[in-house]
Amino acid sequence: DDGNGNGNAWSGAAAGGYNAGAYGGSDDGDAQAQRAREAELDRREAELARREQAVARLEVQAGGSGTGAIEKNWPRCWPIIRHDIKEDIPPGLVICLVWNFIAVTALAFGGGKSDLPSWFMSGKAIPTAGCAR
C-alpha cells in the first residue's frame with residue numbers, strides 16, 4: 001500500500017514522476033533545472049552557429065569551397081595530379097638548395113679527398129625539388 005489507499009506502492013512515483021511523490025522531490029526544482037539546461041543548450045547552439053559562420057567566412061577568404069579538392073593539371077593529356085612549382089615550392093627552399101650545391105661543390109673539388117657522390121646528390125636535389133609534393 002502507498003499510504004493513499006491505492007494498494008500500489010509505485011502509484012505515487014508513477015503519478016508525479018520519479019522525482020516527485022514517493023521520493024519527496026519538488027516539481028519546481030525540476031523545472032528550474034530543466035530551464036537551466038535549456039539555457040545552456042541554447043548558449044552552446046549559438047556558439048556553434050558563430051563558429052560555423054567563422055569557418056565559412058575563412059573558406060570564402062581562402063577561395064576554397066570547403067571540399068578540400070584540388071585542381072589536377074598534369075599531364076595535360078590526362079590530368080591525374082596537381083603540378084605547380086611556382087606555388088608549391090617556396091623561393092627560400094630553392095635558394096637553400098642552390099647554396100647547398102655551391103657548398104658541396106666547393107667541398108668536393110676544393111682540395112683534399114674528392115667527394116664525388118655527395119656532389120652528384122646535391123646536384124640531383126635541385127631539379128627534383130618540384131617532385132617533393
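View 1. At 52% relative accessibility, Arg 51 counts as exposed, because exposed residues have over 50% relative accessible area, buried residues under 20%, and partly exposed residues lie in between (1.4 Å probe, protein chains only). The model is predicted: local features need pLDDT of at least 70, side-chain atom pairs count only at pLDDT 80 or more, and totals for chains, interfaces and linings use all residues. Residues are numbered from 1 along each chain as its sequence is written, and side-chain values use heavy atoms, with hydrogens and water left out. Arg 51 forms a salt bridge with Glu 47, and the closest N and O atoms are 3.3 Å apart. A salt bridge is defined here as a side-chain nitrogen of Lys or Arg within 4 Å of a carboxyl oxygen of Asp or Glu. Glu 47 is partly exposed, at 27% relative accessibility. Helices (H or I, at least four residues) and strands (E, at least two) are DSSP runs, numbered from the N terminus.

View 2. The side chains of Glu 40 and Arg 43 meet in a salt bridge, with 2.7 Å from N to O. Both residues belong to helix H2, where they are three residues apart, about one turn of the helix. Glu 40 is partly exposed, with a relative accessible area of 31%, and Arg 43 is also partly exposed, at 48%. The salt bridges come to five by the rule used here.

**View 3. The salt bridge of Asp 88 and Arg 82.** In this pair the closest N and O atoms of Asp 88 and Arg 82 are 2.7 Å apart. Asp 88 counts as buried, at 14% relative accessibility, whereas Arg 82 is partly exposed, at 24%. Elsewhere, salt bridges that share partners join Glu 47, Arg 50 and Arg 51 into one network.

View 4. Trp 74, Trp 78, Ile 80 and Ile 81 make a nonpolar surface patch of about 490 Å². Patches are made of residues with over 30% relative accessible area and no salt bridge; like charges are joined within 9 Å, and nonpolar side chains (Val, Leu, Ile, Met, Phe, Trp, Tyr) within 5 Å. Areas come from the Shrake-Rupley method with a 1.4 Å probe, and for residues only the protein chains shown count as cover. Trp 78 lies in the loop between helix H2 (27-62) and helix H3 (85-88). This tryptophan, Trp 78, is exposed, at 65% relative accessibility.

View 5. Helix H4 has 19 residues (residues 91-109) and should span 27 Å at 1.5 Å a residue, which agrees with the 27 Å between its end C-alpha atoms. The expected span is 1.5 Å times one less than the number of residues. The buried residues of H4 are Leu 97, Val 104 and Ala 108. They cover an arc of only 30° around the axis, and therefore lie on the same side of H4; the arc is that of the directions from the helix axis to the C-beta atoms. The face turned away from this buried side carries the exposed residues Pro 91, Ile 95, Trp 99 and Ala 106.

**View 6. The chain as a whole.** The chain has five helices and zero strands. Of its 133 residues, 8% count as buried.
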